[in-house]
Structures are given as structure tokens and as C-alpha cells.
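Please keep the sequence and the model open while reading.

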Amino acid sequence: MTQSLTQPALSGHKGMARTILLRSHIWLFLLAACVFFSVVSPYFLTVNNLANVLTQSAFIGILAIGMTLVMINGEIDLSVGATLALACALAIGLHNGGASAPVAIAAALLAGTAMGLLNGSLVALSGMHSFVVTLGALIGIRGLVFVYTGGNALLVNDFEYTEIPEVYLGQISLTAMIFFALVLFFQWFLTSTRHGREAYAVGDNVEAARDAGIRVGRHKLINFTLCGFLAALSGVLLSMRLGTAEPQAGRSWELWAIIAVVLGGTRLKGGYGDMWRTLGGVLALAVVQNGLRLLNTPNYVELIVMGLVLLLALGLDRIMLLGTRKGE
Amino acid sequence: MAGETILSIEGVSKNFPGVRALKDVSFDVRAGEVHALMGENGAGKSTLMKVLAGLYRPDGGRIMHKGEEVDIRTPLEARDRGILLIHQELSLSPELSVAENIFLGSWPTKGLGILNKRKLNSDAGRVLDALGCDFRPTTRVGTLSIARKQMVEIARAQAFNASVVIFDEPTASLTDTEKEKLFSIIADLKARNVGIVYISHKMNEIFEITDRVTVLRDGVLQGTVNTADATVETLTRMMIGRALDSFFTRARSNFGAEVLRVEGMAKKGLFENISFSVREGEVLGLYGLIGAGRSEVAETLFGVRRADAGRLFWKGGEIPFPTPRQAIDLGLCLAPESRKEQGLVIGMGGRENITLPHLGLFSRLGIMNRERETQVFTRYRETLEIKTTGPSQRVGNLSGGNQQKFVLAKWLCNKPRLLILDEPTRGIDVGSKSVIHALIAKLAEEGLAVIVISSEMPEVLGVSHRILTMSEGAFNGEFTGEAMTEENLIDAVSRHRESSSSRRARTAA
């Protein structure tokens, strides 16, 4: 036996606990933000407001779930905001045109899934980087939305359509519940299914994954398709909540989704991350935005503050990372 | 059955655009033997290995596996036939667990794609136990040492019941004790009739563990011999086509003034109380096992790391610890251990790599003088005999020896005073090695101070005027002249380990 081979490997419960603490910076940040806004605003820590934050966070949150899958693969999807707008417009447009709500919704979801499939196929077959592919898709799909809506907002004729998500569990809206259910499902998907765990292998060391017989192209295609589907789902939920479909809906939301994922600690270059982190990132963004609005921060100042907050949160991650390195 | 041929290739050729990598090569592996594959870098070893492992398909010839002709198109097909390659740069996913890495690509499920983690971990646990590994199947691979990662790759070969295992320079980053452990595992595989292909530059390993040796040169088979019938001289002649006069050249001793003196340099957790000096024209060897802190000392002198304590004297005057920029301006240069990560920008050409630290010298008002850059490139290509197609050829595509020459050219073009070479010949073929050793001697004779860090004992003994041994973050021996022997160095390094507890006691008191 050799010396270094017989030293106990770095693990064990103590190490685990520390790792969890060090790796969950976003929850500490979220906690701090909640405490701060509870102190400075009397309206923040109310059931009503918090329930509202959850509902508002769900739309970008659902985009972020799909983004997490793609980013664990080491890819990125910039087209989710446009896909959301497309699904939103299709759901309302088709429903106004006479299709029943379920048919219109199914068609919208299908369209988003198809966009995801297209992105995935292009990435898998062409070997182009997903940044380029989905940047093209962002512009193209947004163009489709403008063509379909004629550049105008579509208003839903049937007001019952907007009643569909008006289901509550206590104060929690259906939209928020769907978001949480998806977080739970996809977290399980990532940890307990073969495809989910292979996502890490693909993002971590693509050569090793390929050599081990994982069909990398097909694998990524599935994740892009899921990402497209989730973007469409978010679009459909938005169409119900707003009752209108703006051609500019979801503009730059792909960036907020990416920010939420990165804020959670999922690695941009892949191989590392999970849905709990993404949930933390999404909630942190939503809480800060909500808190700033409660304080009547002017819109443009809000953006500046949000930018600073992002840097702060990521800085916190960096400090903690250094902490772990030192520990190791 | 032992001695039976498991895998053989007959008359295999492989061409790449402009390069004939393999020409009509035949090679075979028998059950229960260790078959060494030797040759200089670029001789075709890697290509041959990749043909066997299904990463390349040959252009001509045939592959026979257990008596039938086969076509191995992918690594997966190779694995299904029991042929596994243990990569030099290990092919593991650091974020996945040990078990997940071992069975990557064929994880057990409970149906519907749901992972059967219990089976995955228990299967992996069995394999790890059989190999005598001390880490758990659930451990994240990223937290393991290189030696343990290698064990994970070997476990993978075990798990798939490999009948042929190909090791590509497996000892390149192992300490001596880890190497012994690896050799005992190889012996174990051998006893279970696994055929082993062993690629290495290190002669002593070849003679220690292999049964037969096949040598390639320029893609052409030079012959297969029984190790027992071979000598270092015959193998060297086969590899380079001529006999090397001597592997090492030591510079004539003609020392000048002191260039660098270090007093009491320390960095918490890495090294402590480092004191030494080096003079013009002197080659100072720094010997120690991997992990002793040698590279960290070098990086601290060059300013990549910050020292916690200590004083630094440059040509007799005290200076603060430099930043890399200040070190370069002083003429204190470091050729780091990992050429590809730290020494070179592998995506750039040789010319750009040479001038990168000295862009100020090659530009006016921020505009580069391409012509002067090319002149310097051409000068070093000739004097250092660098094999490259031109100034813009990506250095990432060059062999290790040629890459190292570019690292040296980078520092030499700005008149260095002290050159620190960290493992200057790691992964470099025999021919280029002796060129680099000769160059070290020549530079020292021209008055440069050189520090050579190496874990290859013959190298340190061959090129140095004086040797410091290092172990567990501290210097523990200094040898010159007659005292520079293998026995003394080994003794120094191991003596320290035994007495380290008493040393700690002293420090406490």
C-alpha cells in the first residue's frame, strides 16, 4: 500500500456538511435579502406579497429550469424569451380564431417544443456552438412572432381563458405550484434518471462521455427540446395571466433566466449545477426586484441596483469558492 | 490461456494529411504478458494505441481479435471486446462519482431510464475492493489524487472484464510509492491473463515490468524483442537509429557571482524555511518526490504565488518578492511543469509564443513589428532545432520536445539571468531530451544560473553541479561532487519522512 493511496479520501459527513454550506451561497444571500427588505419595508413580509413574488418568479423560473438542463450540458439557449413570446401569441391567437383552449394550448406547447428540437438538431448536427445557433433562433423566432401578430398586441376575446390559472392552494397560485412541481420533478430527473446524470458527464468531459458510448448529440437534442417545451409552457401561463400577447413579450428574459441559473451557482461551462440552485437564483432575483419596487425605486435605478446585486451575489460565490479551495 | 495471442494487428497503415503515421506495422499482445511500446514522440505509438482502442480506423491492414478479423470502429466497440485504454490525460468526469465514472455509458436502470444507484454503487464497490482501493464508490472523482483517478480508470477496465489493457505513460505523474502500487496491480492483471500494452519513455520501468518490447520509429516497426535480451543501448539505438554518446552533458564548472539568494522563505501549508543561493554558471538541481513542494517554491520565486515570509536577494541586493512581470524584467524566468497549461498559449503559433512576454521589445507605440518577431523565431528555430512548419503553426500541434524548446526560446530571447526549469523533460522523447540537456549545459557555460527541478534521478544527477533534496515542504540535504549519488538522494528523501514527526516536535518546542 502506498502512502497517498491509503490516506482517507476527502469526504465523510463533516466534509459533506461543509460542502453543502459553502455551495449554497445563494440561499444565504436570499435569506439576507429577505431580512433586509423585511426591515426596510412593512409590506414585504406579508403573505400576500410573498405569494405574489412566487407567482411573478414562476415565469422566468420555468425558463431557468430548461436553461439549467442545457447549461449543465455546457450549452446555452438564448432563444427562450422569443419562444415564450411565440407560445404566448399562438395560444391567444388560435383561441381567438376559434380553437378551444386545450387545443390552442397544445398547439402553442408543440410549437415551442419544435423550436427546441430545431435548436437541438442544429447544435447536434452542425457542430456549431449553441450560442450562435440560438442567437439566430432568438432573432428568427421573434420575427415569426411579429409576422403572426402583425406587430400588435393580441387581446384574448374569451375572458374565461384568463380564469384557468386562478386556482389557489391557500395563497399559492397554480402558476407558482406548477413552477415548484417542475423544480421538484427536474431535480429528481437530474439526480435519479440515467439521462439526467449523463447530462453532467456530457458537460463535464464530453470526450469521456463520447468514448463511453453516450450519444452526445442525441442527448443534447433532448435537453434543447425540453428547454423549448418549458419556454412554451411559461409563455402559455403568461398568456393566461395577462390575457394579452405582446410581440415584445419575454424580451431579454433569456438573460434573466441565465442570470438566475448562474447566480444559483450552476457553471456556465457545464458539468455542474442543479435545480435547487436555480430555484434559489430565481427567488433571489424576484425578491430583490420586488423589494426594490416596494421601496418605490425608479425603474432605471432598479436596473442599476439589480446589476450591483448580481455582482455582489457572484462575489459571495467566489469568496466561498476560495474558502473551499483553502479547505481542500 | 497464458501466452495465447489475444489481439494482433497485421500490416496496419494510417495516414493523416501530409503525415504517414503508421506504415505496415504488425504488433501483437498475448494473454498474461506486459508488452512495452517504445519510440520517440511522433514515432506512431499514440496512433497505434488509438487504432487498438477504436479511436482511429486504420487505412490498411487488419486487426485480429481472438483469432478472428475484426473492425473496431469506436471506443465502445473496443470496450465491448475487452480492450481498454488508460489515458495519460485521464478521461474522467470530475463532477461525477467514482461509480458513475466506472460504469459511464452503461449505468444500470430500474426501467424507464431511472437509475439503479444501489446496484451501481455495489457493483463499483466490488471492483474497488478487488483492487484494494481505499475510496468509496460515491466519492466525487474531482476530489481524488491523480494516482487514485488512475485507479478509477483501472477499475473501469476491471468492471468491463478487459482482456487487453493499454497504459499510456501511466507513471508520468506518480510518486515512487504510487508507482509501486501500480506495478503490483499490473502484475495482478498479468496473473489473471490480461494482456497489457505498456507505453513508456522510462527505461528502468521497461526493464522492471515488461516481457517484450516493440519499438517504432517514424511510423515504421523497428522490431519486437524479449526484454530479457535487450539492453538500454540496443533499445535506444532502435528508437533513434543511432547510439547516443551520452545521455547527459554537465556544464564545465565556472561559477561567477551570486545571482539569487533566498532566506527563510515560507508559505503556509506548502513549504517552510527555504534558504539557498545560486550563482552564475551554476546548474542547481532540486530533487524530491511529487508533492514535496518543489514546483510551489519555483512558482513563488517567479511571483505566481505570494510568500508568507522570507527575504530575497538579487545580485546581492535585497528585493521584494516579485510579480511575474517584475520577475521577467529582472531576468528570472520559469519554464513551468505543465507546458500546455502554463508554459505556452497552445492555440497560438511559435512566433507569437516566443515574443508574448516581451511585446514591448517588438512593438512601437503598441504596433507590432512582425518582421522582427519572425527574425527571432527563425533564429531560435535554427539554434534549438525546433521542428515546426512555420511561425504560425499552432504550438499545440507540436511534440512535447518542440513545445519545451519554444518555452525556452521565449525566455532566452530576452537575456535571462536565472532560468528555473520545472521537469524540463517530462513526456519528452529520448532524442529531444538530450538536446535539452545539452542546451542546459551550454546556457550555464554562457553564465546563466539554472535551477533544474526534476523527479527523474538520472537527470538531476546528470546535469547538476549541486543538488538540494526536498521533502514535505522543506530542504533536507545538499550534495555536491562525489556525494551526488542515487543512494544519497534516496536516503535524504526517505530519512526526512521518518524524522518529520520529531521535526514537528522541535518546531513546537
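Is B:P137 buried or exposed?

## Basis

This is a predicted model, in which local features need pLDDT of at least 70, side-chain atom pairs count only at pLDDT 80 or more, and totals for chains, interfaces and linings use all residues. Residues are numbered from 1 along each chain as written, chains are lettered from A and ligands numbered from 1 in the order written, and side-chain values use heavy atoms, without hydrogens and water.

## A loop proline in chain B

B:P137 is buried, because its relative accessible area is 15% (buried means under 20%, exposed over 50%, partly exposed in between, with a 1.4 Å probe and protein chains only). The residue sits in the loop between α4 (117-131) and α5 (146-159) of chain B; helices are DSSP runs of H or I with at least four residues.

Contacts of B:P137, leaving out residues up to four places away in sequence, include B:S97, B:V98, B:A99 and B:L128 (contact means heavy atoms within 4.5 Å).

## Cysteines

Zero disulfides are found over all chains (a disulfide is a pair of cysteine sulfur atoms within 2.5 Å). For A:C227, the nearest cysteine sulfur belongs to A:C88, 17 Å away. A:C227 is buried at 1% relative accessibility, and B:C133 is buried at 13%.

## Helices α9 and α11 of chain A

In chain A, α9 (residues 194-204) meets α11 (residues 216-242) through A:H195, A:E198, A:A199 and A:V202 on the α9 side. Their partners in α11(A) are A:V216, A:H219, A:K220, A:I222 and A:N223.

Terms used: Axes fitted to C-alpha atoms, helices over the stretch in contact; angles between N-to-C directions. Helix = DSSP H or I, 4+ residues; strand = E, 2+ residues; numbered from the N terminus.
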